[in-house]
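I opened my notebook for a first look at this structure. Here is what I looked up, entry by entry.

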Amino acid sequence: MNLLPVKNYYKKILHVSLPAIAGLSTQMVVSMVDSAMIGRIEDTTYALAAMGIGVLATWALVSFFSSLATGTHVIVARRFGQANYLECGNTLNNSLMISLFIGTIVALVGVFFAADIANFFASDNKVAKYASEYLFFRFLGIPFFLISVSYRGFFFGISKTKIFMISGILTNLFNIIFNYIFIYGEFGMPKMGLAGAGLGSTLATFSDVLFYLIIILLPSYRKRFQNFKKFKVDLEIIKGIFKISLPVSFQNVFVLIGFLSFVSITGIIGTKEQAATQAIISTLFMSFLPLFGFGAAVQTLVGNNLGAKKFKLAKLYGFETAKVATIFTILLGIIFLTIPQYVLLIITNDWGIIEMAKPALRIAGFTQMFYATGVVLANGLQAAGRMVFVMKAEMITNLFIFVPLAYLLGVVLDFGLTGAWFALPGYIIIYSGAVFMKYNSKNWNTSIPINLEN
């Protein structure tokens, strides 16, 4: 086959990835603004520690189902590569049904067990109380979140990442406004503190669903994909979404349980250390969320080209995107290494927490340079049908290397917070290396579990 000039690859990569990065980066901004707002209320140390538990616990539960976006994305990308637009719309319809059903169940379970989850992971009663209140309101928004996830997977699959970008900007703008109102009790609303951040996020997620509904009803999308005109329950698509999504769901749960366990380990070291860890994690979103944008672009580009049977081009897009993402993490890593205190100042003005977090942020800043390869090529493998391999690589490196090593260094050997964070490089480098070798192998691509020949 005739391959395009290298500059054309980068042009296509940036065309798909930059809007996705912009949309995801708005989430980063909201996370940092939320942390900054919470970092300036009373009981900052307890509230930040509770926020760390609340954010990770929420995602540990919903991420098992939020990977419905991956199943939707992969199937739609293949169908779009085949120019089978009616099946793209049919995939979205069935994905939305799944999201509404599962989202309602998960929300009810989460609301009921919010206090139990908080008490399990918090070593301090005050931290547990704040985390419980935050979790209650966040769980209420899970159905809206999962519906948005289905729409995101659809628009990523048809290469319309700009829709997601606009969605992210609007939704997260509402998130900041709602959080400000309810955290501080502005415009006659009650002053809710950390719980207000949970309520604000749920209201913003609901507005996101309304946005996507308006977009999908526009004539250009309604006529091409005929979502509502051709609505039908398709068991093959439902099974395919689950078979693709479940390994990714388990992978995400392993990541979040691992980091939640890590936050709990830092809580054993001390409450202030736990607050410092939350500040570092919020800071790392500056790197991680854009990487997920590059990963989403790879799933689209690999999926579209595999659907069109352009196998060499599909594989090449993974490597070229990994190069671009690595350049980004190197530039950001330099900032983390040289001026960590000023980066942390965005999150909190508590200089005690900042000084404690500085060495660990330098470790994380160095390590995340290697994470670009892992994230990008893992998404490429998922689009190529190798979801189970990526899941196994994550489980082994996160739960059996990262968490035990953090406990050994931070608690058993008493190296404190910095020692615990020294476990991160081992996890990231081994994981990224395993993903790279698999993607570079001859059997990197396999059939996804749905008939795409019709």
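Where is Phe415 found? I found Phe415 in the loop between H17 and helix H18 (416-421); helices here are DSSP runs (H or I, at least four residues), numbered from the N terminus.

A note on the source: this is a predicted model, where local features need pLDDT of at least 70 and side-chain atom pairs count only at pLDDT 80 or more, while totals for chains, interfaces and linings use all residues. Residues are numbered from 1 along each chain as its sequence is written, and side-chain values use heavy atoms, leaving out hydrogens and water.

Next I checked cover. Phe415 counts as exposed because its relative accessibility is 53% (exposed is over 50% relative accessible area, buried under 20%, partly exposed in between, with a 1.4 Å probe and protein chains only).

Asp414 lies in that loop between H17 and H18 too. I noted that Asp414 is exposed, with a relative accessible area of 64%, and that its phi is positive, near 60°.

Then I turned to H17. It has 26 residues and reaches 35 Å from first C-alpha to last, close to the 38 Å expected (1.5 Å times one less than the number of residues). I also saw a kink of about 25° centred on Asn398, the bend being the angle between axes fitted to the seven residues ending there and the seven starting there. Asn398 is among the buried residues of H17, which also include Phe402 and Leu409.

Last, I looked at Lys309, in the loop between helix H12 (271-307) and helix H13 (311-338). Its phi is positive as well, near 65°, and Lys309 is exposed at 55% relative accessibility.

Technical notes: Helices (H or I, at least four residues) and strands (E, at least two) are DSSP runs, numbered from the N terminus.
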